[in-house]
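Hi,

Here is the structure I said I would pass on.

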Amino acid sequence: MSRTRKTLWQIFRAPLLLALLSIIGLVAALIGDGLLDVLSWLTLGSTLAVIAWYWSRRSG
């Protein structure tokens, strides 16, 4: 276990980025079709991709 101190920004920047991407994806899905659907899939899927990537790093 690492005892290095991290700043508040270092701790919360990744969750804030994922929250921002999720909000953008949800709003894009609500307001339009076509290209906005693609944007919605990409932004919402990016959260799942990050979760899968982090999970694979911890287990492997």
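**How the two helices pack**

The axes of α1 and α2 come within 8 Å of each other and cross at roughly 150 degrees. Axes here are lines fitted to C-alpha atoms, for helices over the stretch in contact, with angles running from 0 to 180 degrees between N-to-C directions. That makes α1 roughly antiparallel to α2 (angles over 145 degrees count as roughly antiparallel, under 35 as roughly parallel, 65 to 115 as roughly perpendicular, and the rest as oblique). The crossing is left-handed, meaning that the near helix is turned anticlockwise from the far one by less than a right angle; clockwise would be right-handed.

On the α1 side, the contact is made by Leu18, Leu21, Ser22, Ile24, Gly25, Leu26, Ala28, Ala29 and Ile31. From α2 come Leu36, Leu39, Ser40, Thr43, Leu44, Ser46, Thr47 and Val50. Contact means heavy atoms within 4.5 Å. By class, that gives 11 nonpolar, 6 polar and no charged residues (Ala, Val, Leu, Ile, Met, Phe, Trp, Tyr, Cys and Pro count as nonpolar, Asp, Glu, Lys and Arg as charged, and the others, Gly among them, as polar).

Before going on, a word on provenance: this is a predicted model, in which local features need pLDDT of at least 70 and side-chain atom pairs count only at pLDDT 80 or more, while totals for chains, interfaces and linings use all residues. Residues are numbered from 1 along each chain as its sequence is written, and side-chain values use heavy atoms, with hydrogens and water left out.

**Inside α2**

Which residues of α2 are buried? They are Ser40, Thr43 and Thr47, and what covers them includes α1 (8-31). Buried means under 20% relative accessible area, exposed over 50%, and partly exposed in between (1.4 Å probe, protein chains only). Serine 40 has a relative accessible area of 6%. Leaving aside neighbours within four places in sequence, serine 40 is in contact with Gly25, Ala28, Ala29 and Gly45.

**A few other residues**

- Leucine 30, in helix α1, is exposed at 74%; its C-alpha is 9.1 Å from that of serine 40, 10 residues along the chain.
- Leucine 26, also found in α1, is partly exposed at 49%, and its C-alpha is separated from that of tryptophan 55 by 24 Å.
- Lysine 6 sits in the segment before α1 and is exposed, with a relative accessible area of 57%.

Cheers

Methods. Helices (H or I, at least four residues) and strands (E, at least two) are DSSP runs, numbered from the N terminus.
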